[in-house]
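Visitor: I am new to this structure and would like to learn how to read it feature by feature. Could you show me the model and take me through it slowly?

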Amino acid sequence: MPKTMLPSFLLYCYIGAITPGPANLCSLSTALRFGKGIALRQWRGLFTGFFLASMVSVGITYFLGTMLNQYVGIFAWVGAGYILWMAWHMLRPSGSLSEKNVDMPCFRTGLLVQLTNVKIMVFCLTALASYVLPYSGSFWVLLGVGLFLPFTGPIANLVWLFAGASLQRLFVNHRRAVDIVMAASLMLCAVSLVWPH
């Protein structure tokens with residue numbers, strides 16, 4: 001990638017990472033509901049899942065190159081469906097958080113969120129196919145950028161997590177309203193994935 005493309009690439013990474021998406025909203029929601037400690041445990045899974053998705057994207061980009069562009073639309077529809085399921089799940093009444101049947105978020109929860117998060121798959125594939133592949137087909141260059149990408153999204157997840165931890169008292173007092181806003185945000189994410197640009 002030429003140095004002149006670096007500011008555009010970094011801006012793409014920042015905007016893609018910080019905007020609301022399933023992992024960011026999951027971090028915020030977990031911190032609001034369960035506090036910082038449990039949310040950080042889940043964040044380790046988010047980071048690992050992002051890393052794995054990034055490495056798979058490196059492999060796909062290296063072996064398939066520009067042929068994968070025709071399949072990005074299919075991934076977007078699958079991801080939109082999953083995000084809508086998450087929104088519906090958030091709106092379902094779940095009772096008190098002190099009940100024993102509430103599943104506590106954990107490493108596995110974070111890992112599964114990221115491994116099914118089409119936003120990061122599209123994010124990684126687009127970064128590699130748009131900013132690296134036109135300038136270099138080298139596996140090592142793709143791998144270098146692929147190793148950088150997991151430090152974009154998961155860092156933004158931490159921002160959302162700490163925001164949720166600091167707003168936890170607000171959530172306790174206005175739980176239903178917060179759930180509705182979070183579900184609406186997820187629905188907006190789903191629509192933005194498939195809405196024609």
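Guide: Let us start with a term that we shall need: a residue is called buried when its relative accessible area is under 20%, exposed when that area is over 50%, and partly exposed in between. Please keep in mind throughout that this is a predicted model.

Visitor: With that cut-off in hand, is Asn-117 buried or exposed?

Guide: Asn-117 has a relative accessibility of 2%, and because buried means under 20%, Asn-117 counts as buried. Asn-117 sits in the loop between α5 (107–115) and α6, and its C-alpha atom is separated by 7.5 Å from that of Ala-23, although the two residues are 94 apart along the chain.

Visitor: Which residues in helices could I read in the same way?

Guide: Asn-157, which is placed in helix α8, has a relative accessible area of 2% and is therefore buried. Between the C-alpha atoms of Asn-157 and Leu-46 there is a separation of 8.2 Å, while 111 residues part them along the chain. Tyr-131 belongs to helix α6, and its relative accessibility of 11% is under 20%, so Tyr-131 counts as buried too. Tyr-131 and Ser-8 lie 123 residues apart in sequence, yet 8.9 Å apart in space from C-alpha to C-alpha.

Visitor: How many helices and strands does the protein chain have, and what share of its residues counts as buried?

Guide: The protein chain holds ten helices and zero strands, so that reading from the N terminus gives α-α-α-α-α-α-α-α-α-α. Of its 197 residues, 43% count as buried.

Visitor: How should I read a cavity, and how many of 30 Å³ or more are there?

Guide: In general, a cavity is a set of points where a 1.4 Å probe fits but cannot get out. This structure has one cavity of 30 Å³ or more, and the largest cavity holds about 110 Å³ of space. It is lined by 16 residues, of which Gly-16, Ala-17, Asn-24, Lys-119 and Ile-120 are the closest to its centre. Two or more lining residues come from each of α1, α2 (22–34), α6 (118–131) and α8 (153–166). By class, the lining is made of seven nonpolar, eight polar and one charged residues.

Methods: Residues numbered from 1 in each chain as written. Predicted model: local features only at pLDDT ≥ 70, side-chain atom pairs only at ≥ 80, totals over all residues. Heavy atoms only, no water. 1 Å grid on protein atoms, 1.4 Å probe; cavity = no way out; pocket = protein on both sides within 12 Å on 5 of 7 lines; lining within 4 Å. Points joined across faces, edges and corners; volume = space filled by probe spheres on them. Helix = DSSP H or I, 4+ residues; strand = E, 2+ residues; numbered from the N terminus. Nonpolar A, V, L, I, M, F, W, Y, C, P; charged D, E, K, R; others polar. Buried < 20%, exposed > 50% of the residue type's maximum accessible area, 1.4 Å probe, protein only.
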